[in-house]
Amino acid sequence: MATVTQRQTWMAILAKAEPELLEKLVNKLGTLPSYSFLRSPEIGLAMVRGRAGGTGELFNLGEITMTRCVVQLESQPGCEAIAGFSYVAGRSHRHAELAAFCDALLQSPQWHDQIQAEVIQPLQAESQRQQELKQRQTAATKVNFFTMVRGEG
């Protein structure tokens, strides 16, 4: 059974993944168990809050569009039914569905290791690559300001 922290980590990776890459990785898995919707993908709004300076008073920044979904893997005889959840930013029904499906598979002992290796790790590597690229692009635009001392005289 996964810890809360492990599940939070993979759910964050799935929610932030590029939908096209997630779709591609899931399609490469082959024959997967079937699932049904407990809550079909639906779009709504969520309030985003911030802190002044990162540590100050909380304030409402604004609303963002989110899509949520809940799926349940078809249960095997003698096994407990597994539900997967997702909340993703934006309006992508398919992204929310795939993220919920992967969450359910990751909770299944027979699928956990394969989904970790073939979906989560590649998504995490791509996220890291994108973050490093942004950091390099930002560093390239850095301007060093300095003050020259004028002599009196």
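Predicted model: local features only at pLDDT ≥ 70, side-chain atom pairs only at ≥ 80, totals over all residues.
**Helix packing and strand pairing**

Student: Which residues of H1 make the contact with H4?

Tutor: From H4, the contact involves His112, Gln116, Val119, Ile120, Leu123 and Gln124. By class, the contact of H1 with H4 has six nonpolar, three polar and no charged residues. On the H1 side, the residues are Trp10, Ile13 and Leu14.

Student: What is the handedness of the crossing of H2 and H4?

Tutor: Helix H2 covers residues 19-27, and its axis comes within 9 Å of that of H4, crossing at roughly 150°. Angles over 145 degrees count as roughly antiparallel, and H2 and H4 are therefore roughly antiparallel to each other. H1 passes H4 in a left-handed crossing, whereas the crossing of H2 and H4 is right-handed.

Student: How many charged residues does the contact of H2 with H4 have?

Tutor: Leu21, Leu22 and Leu25 of H2 meet Glu118, Val119, Pro122, Leu123 and Glu126 of H4. Six of the residues in this contact are nonpolar and none is polar. Glu counts as charged, and the number of charged residues is two.

Student: Which residue of S2 is the bridge partner of Ser36?

Tutor: Ser36 is found in strand S1. Strands S1 (residues 35-51) and S2 (residues 58-73) run antiparallel and are joined by 14 bridges. The bridge partner of Ser36 in S2 is Gln72.

Student: What is the bridge partner of Gln72 in S3?

Tutor: Strand S3 comprises residues 83-89. Seven bridges join S2 to S3, and these strands run antiparallel. In S3, Gln72 has as its bridge partner Ala83.

Student: Is Ser36 buried, partly exposed or exposed?

Tutor: Ser36 touches Val70, Val71, Gln72 and Glu74, leaving aside residues up to four places away in sequence. Its relative accessible area is 31%. Buried means under 20% and exposed means over 50%; Ser36 lies between these limits and is therefore partly exposed.

Student: What distance separates the C-alpha atoms of Ser36 and Phe101?

Tutor: Along the chain, Ser36 and Phe101 are 65 residues apart.

Technical notes. Residues numbered from 1 in each chain as written. Heavy atoms only, no water. Left-handed = near helix turned anticlockwise from the far one by under 90°. Helix = DSSP H or I, 4+ residues; strand = E, 2+ residues; numbered from the N terminus. Contact = heavy atoms within 4.5 Å. Pairing = 2+ DSSP bridges. Axes fitted to C-alpha atoms, helices over the stretch in contact; angles between N-to-C directions. Parallel < 35°, antiparallel > 145°, perpendicular 65-115°, else oblique. Buried < 20%, exposed > 50% of the residue type's maximum accessible area, 1.4 Å probe, protein only.
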